[in-house]
Number of protein chains: 2
Amino acid sequence: MEDKRKVSIAVVKRLPRYYRYLYDLLKIGITRISSKELSERMGITASQIRQDLNCFGGFGQQGYGYNVESLFNEIANILGVNEKFNTIIIGAGNMGQALANYSNFEKRGFRHVGIFDVNPNVIGKKINNLTVMHMNELDEFVKKNKVDIAMITVPYDQTPVVAEKLVELGIKGLWNFSPMDLKLSGDVIVENVHLSDSLMVLGYKLKEKYGRK
Amino acid sequence: MEDKRKVSIAVVKRLPRYYRYLYDLLKIGITRISSKELSERMGITASQIRQDLNCFGGFGQQGYGYNVESLFNEIANILGVNEKFNTIIIGAGNMGQALANYSNFEKRGFRHVGIFDVNPNVIGKKINNLTVMHMNELDEFVKKNKVDIAMITVPYDQTPVVAEKLVELGIKGLWNFSPMDLKLSGDVIVENVHLSDSLMVLGYKLKEKYGRK
């Protein structure tokens, strides 16, 4: 078993789901589980599970199954839950405030350290221990504080400019909520949350299953 | 070319992205495009594009490329953008309010017709032409109005109960924002938006590229 394993991005994208299920198992006191049982709970095939978990050495033993806690810790480790990423939120509208209040992120290693906007109606407002700052305080804030990730929840047409600015400031991770794929030249990793795309897939499935209305 | 084509779900999940890109091309007046050009804009291979678009008959012609408007309309049609889905929002917290205010959904065929909560502080509040109703008005509302999709933005522990209730009321599409995979026995289609999962993938990529901090 190597200590540093290269995991394919397809597997990585499934890891948070394993993480959630294993967390729930731990909470209810289940200490070991077979790939078959896990497969039934998660609704994916046991062979897919074995294949995914084998990627990073796997902890399954024939006739025993997986040790839930070891597997959970391993996945947490691979995902970097213990890394403690510092995050800022750009845009303190409803979406920005929802993200600021979302308690789940901190449990998973993401800590909000700042929130910014240009709207005088929200600047100075307290949201979950953060005070909304003006965008013109951003430069100095990023120079003084370690910021790993910026969550972008500004209006569509402002997104590219804001994103370029964040890259210039040296922020390496952008989490983008605008319905566009950001194209940035700098040294940066972008993850997009395309809400409308997800909703359209739901619409498609409804239309296919229940027909035209 | 068949009129009713079965498209794989993997392709369907990519269609909203084509939809966005083609919409942007139309906006800037581009009427035709080669798979090569589209591939460069979208950052996927030209062969993937040809393969995806061939699934529903494709409109590409050798030496001409795709007619942007035809392709856009075809994709819109497959996705059901012209179907006009009626949606309600359960939970008028920050996330629910963000969804209520999100102008992009209506353009894509989704119209909010109601928003519900139990918190007296938000009941009666006007949000983007909707007035927040109490959850105990939900039954009657759903009986009187056509509701295709419910967007669930209630706290984690209330999600399963609320979801069961919505299925009982005959709502066929659930869009779930809680970090759990809803398991429902009824006749329903669920799409989950797992925000933390997306953020964890970003964390993983940062850790892999830039190392431990």
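In strand S8 (residues 149-152) of chain B, Ile149(B) and Met151(B) point one way while Ala150(B) and Ile152(B) point the other, and all of them are buried. Keep in mind that this is a predicted model. Around that strand there's a parallel pairing with S3(B) and another with S9(B), and beyond it the structure holds 28 salt bridges over all chains.

**Strand S8(B) and its partners**

- Strand S3 (residues 85-90) of chain B runs parallel to S8(B), and the two pair over 4 bridges.
- Within that pairing, Ile149(B) in S8(B) has Thr87(B) standing opposite.
- S8(B) also pairs in the parallel sense with strand S9 (residues 173-176) of chain B, again over 4 bridges.
- On that S9(B) side, Gly173(B) is the bridge partner of Ile149(B).
- To get from S8(B) to S9(B), the chain goes through helix H8 (residues 159-168) of chain B, making a right-handed β-α-β crossover.

**A salt bridge inside chain A**

- Arg14(A) and Asp52(A) meet through their side chains in a salt bridge, at 2.8 Å from N to O.
- Arg14(A) sits in helix H1 (residues 9-27) of chain A and Asp52(A) in helix H3 (residues 46-54) of chain A, so this pair ties together parts 38 residues apart in sequence.

**A salt bridge between chains**

- Asp187(A) and Lys209(B) form a salt bridge, with their closest N and O atoms 3.2 Å apart.
- Asp187(A) is in the loop between strand S9 (173-176) and strand S10 (189-192) of chain A, and Lys209(B) is in helix H9 (residues 195-210) of chain B, so the pair joins two chains.
- Asp187(A) is partly exposed, with a relative accessible area of 38%, and Lys209(B) is partly exposed too, at 49%.

**Sequence neighbours and a network**

- Glu208(B) forms a salt bridge with Lys207(B), and here the closest N and O atoms are 3.7 Å apart.
- Glu208(B) comes out as partly exposed at 23% relative accessible area, but Lys207(B) counts as buried at 9%.
- A network of salt bridges links Arg17(A), Arg20(A) and Arg108(A) with Asp181(B) and Asp197(B).

Notes
Residues numbered from 1 in each chain as written. Chains lettered and ligands numbered in written order. Predicted model: local features only at pLDDT ≥ 70, side-chain atom pairs only at ≥ 80, totals over all residues. Heavy atoms only, no water. Salt bridge = Lys/Arg side-chain N within 4 Å of Asp/Glu carboxyl O. Buried < 20%, exposed > 50% of the residue type's maximum accessible area, 1.4 Å probe, protein only. Pairing = 2+ DSSP bridges. Right-handed = clockwise from strand over helix to strand, strands pointing away.
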